[in-house]
Amino acid sequence: MTDETTQWNARTRLALAARSVDTTTADTVLDEVAQHCADSGETPYEAFGAPDEYADTVISERIPPEARAGLHADGLTRADHLSSALAQTGVVTLIVGVFLWGGSGTMLSVTPAGLTGSALTAVALISACLALTFSGSRLRAAAAWGLTALVAVMLAAAAFTTLPITRLGRLPAPALCMLGVVLLWSATRSGPVSHHEGVTMTRQTDAHSRDEDWLRELHQLLRQRHAISHDRAAELTRDAAHHLIATGGAPQDEFGPVELYALKLAEQERSGSRWWLRQDVQAVIVVLITLGYLVSNLLSDGPLWQTIVASAALAGSLASLVFDLRRKRPIRSSR
C-alpha cells in the first residue's frame, strides 16, 4: 500500500467518523475501495475522489434513510417527532374538552361550521407542533409544516365564519377529553427510541478507532446534549477532523476530553447568539401574545370560535415550551 493510499484511507476514516458513520460500515466501504483499486490499478483518489466527497457519497448511498432520520440535530427520530406532535395535540384536546364541558354543558351541538373548523384547527395544531420539533434540525421541513399550519388556520377561520350553523347532532364534551387522553397515551407508545442507531462500535483497539470514536462522540454531544443544529455540528466536527489531519495528532491530545471540548464549543455558540433568537425566548413571547389575545377575547365576550382557537393555540404553545425545557434538562445536569 502506497503512502498516498494510506493517507487517503486515514483521511476517509476521519471524514466518515465526522459524519457519524459506524466503524463496521467504514471498514466495509474501505475494503471495497481496496478491492476495486487492486482490480483496476487505480488509486483511491482517481477512482473515488477526495475523502470528504467520498464520505458524502457513502452517507447518501449506504446509510438507510431511516437511520439518517434518527440523527437530526435535536436528537429526535421520526418517531420522536410524531410522539411530540401527538402529546401536544393531546394536551390541547384535553384542555379544550374541559373548557367546553364547563362552558357549554355536557352535550355540544355539532354544526358544519364547528365540525369543519375544529378539524382544520386540529390540522393546524399538529402542523405547528411538527414545525416546532423540526425547527432545530430540518429547516425546510419546519417551514413546510409552518406554512401548512398557517393555511389551516386561515381555512379554519373561514369555516367558522362562513359555513352553516345548522345543528347536525350532539356530541358529549367528555368525548373530547377522552380523545386527548388517547392521544397522550399514543404519544407514550410511539417514543422515545434510541438515538444511537448506526453508531455501535465493534473495534476499540487501534489509534484510528479511538480517533473515530472521539469524533463521533463529539458530533453526538453537540447535537443531542447541547442542541447544536445539524449543519453547525457537522461543520464543527469537520473542523476538528481537518485539524487532526493537518497536525497528525490525537484528538485527546489536541482538544482534551470530548465532553469538555463539546461543552466549550456549545458555550461559544450560545455566547455568540442573540438572546431574542433563542427558541425558549421566542416560545415565551408566543405564549404571552396568545394569552393576551385569549384574555381580551373573553373580556369582550368575543365569538366562541375565537376563544376555542385561542385556547388551542395557548395550550399548544405552553406544551411546546414545556417540551423544549424538558428536552434541554440534561444540559443542566451533565457534568
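**Salt bridges and a helix contact**

A: In this predicted model, the side chains of Arg232 and Glu235 meet in a salt bridge, with 3.1 Å from N to O. Both residues belong to helix 11 (residues 230–247), where they are three residues apart, about one turn of the helix. Arg232 has a relative accessible area of 26% and is partly exposed. Glu235 is also partly exposed, at 37% relative accessibility. Exposure here is set by relative accessible area: under 20% is buried, over 50% is exposed, and values in between are partly exposed.

Salt bridges that share partners also form one network, which joins Arg13, Asp27, Glu212, Asp213 and Arg216. One of its pairs is Asp213 with Arg216, whose closest N and O atoms are 3.2 Å apart. This pair is in helix 10, and because Asp213 and Arg216 are three residues apart there, about one helical turn separates them. Asp213 is buried, at a relative accessible area of 14%. Arg216 is buried as well, with 2% relative accessibility.

Glu212 forms a salt bridge with Arg13, and the closest N and O atoms of the pair are 3.3 Å apart. Glu212 and Arg13 are both buried. In general, side chains of opposite charge can pair when their charged atoms come close. Over the whole structure, the search finds five salt bridges.

Helix 2 spans residues 23–40 and packs against helix 4 (residues 51–62). Two packed helices are described by the angle between their axes and the distance between the axes. For helix 2 and helix 4 the angle is about 115 degrees, and the axes are 12 Å apart. Their crossing is right-handed. Helix 2 contributes Thr28, Val29, Glu32 and Val33 to the contact, while helix 4 contributes Tyr54, Val58 and Arg62. By class, four residues of this contact are nonpolar, one is polar and two are charged.

Definitions and conventions
Residues are numbered from 1 along each chain as its sequence is written. This is a predicted model: local features need pLDDT of at least 70, side-chain atom pairs count only at pLDDT 80 or more; totals for chains, interfaces and linings use all residues. Side-chain values use heavy atoms; hydrogens and water are left out. A salt bridge is a side-chain nitrogen of Lys or Arg within 4 Å of a carboxyl oxygen of Asp or Glu. Buried means under 20% relative accessible area, exposed over 50%, partly exposed in between (1.4 Å probe, protein chains only). Helices (H or I, at least four residues) and strands (E, at least two) are DSSP runs, numbered from the N terminus. Axes are lines fitted to C-alpha atoms, for helices over the stretch in contact, and angles run from 0 to 180 degrees between N-to-C directions. A crossing is left-handed if the near helix is turned anticlockwise from the far one by less than a right angle, and right-handed if clockwise. Contact means heavy atoms within 4.5 Å. Ala, Val, Leu, Ile, Met, Phe, Trp, Tyr, Cys and Pro count as nonpolar, Asp, Glu, Lys and Arg as charged, and the others, Gly among them, as polar.
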